[in-house]
Amino acid sequence: MKVRQNLYIDRELSDALEALAAGTAGNKSRLVNDALADWLSRRGTKQVDDLLKLRLDRISREIGNARRDIDVLLESLSLFVRYQLMVTAPLPDADAAAIAVGRDRFEKFVAQVGRQLAAGKRSIGHAPDLEDPA
């Protein structure tokens, strides 16, 4: 159902509407109806967009910080591994005691990482509480 409205608009808008309606765009009523419907629908979404923009900005900053942390960790790990491989002499196959000590240290390391993750602790910038540093 259509409702008749009597509206006053600026002369410039009226001239532009006349020119647009004279083309293939259709009649003035349809043009004004479509434009008003679009404006009203965007008005509600703009409020939602403004609220979401703040959250998206915060999430973007957090993702940027996480990427930076990951880059630091990966670079630190790669430098450590390269250094260890370059300066540590390989163990002879017959040195079972040294291999057992290495295996034990690795198991303690993995257990400590598991404890830190389970407790939600971070070791970056803090000295971890190791049970047996040997």
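Helix H3 has 24 residues and reaches 35 Å from its first C-alpha to its last, close to the 34 Å expected at 1.5 Å a residue, where the expected span is 1.5 Å times one less than the number of residues. Helices here are DSSP runs (H or I, at least four residues), numbered from the N terminus. This is a predicted model, in which local features need pLDDT of at least 70 and side-chain atom pairs count only at pLDDT 80 or more, while totals for chains, interfaces and linings use all residues. Residues are numbered from 1 along each chain as its sequence is written, and side-chain values use heavy atoms, with hydrogens and water left out.

Ala97 lies in H3 (residues 96-119) and is exposed, with a relative accessible area of 54%, exposed meaning over 50% with a 1.4 Å probe and protein chains only. Just after H3, Gly120 takes a positive phi of about 75 degrees.

The second largest pocket has a volume of about 870 Å³. A pocket is an open set of points on a 1 Å grid over the protein atoms alone, where a 1.4 Å probe fits, with protein on both sides within 12 Å along at least five of seven lines; lining residues have an atom within 4 Å of a point. The volume is the space filled by probe spheres set on the points, which are joined across faces, edges and corners.

Of the 21 lining residues, Leu7, Lys28, Ser29, Val32 and Asn33 are the closest to the pocket centre. Helix H2 (28-87) and helix H1 (11-22) each supply at least two lining residues, and the largest share, eight residues, comes from H2.

| Class in the lining | Residues |
|---|---|
| Nonpolar (Ala, Val, Leu, Ile, Met, Phe, Trp, Tyr, Cys, Pro) | 11 residues |
| Polar (the others, Gly among them) | five residues |

Ala97 and Leu7 are 90 residues apart in sequence and 95 Å apart in space, C-alpha to C-alpha.

Conventions: Buried < 20%, exposed > 50% of the residue type's maximum accessible area, 1.4 Å probe, protein only.
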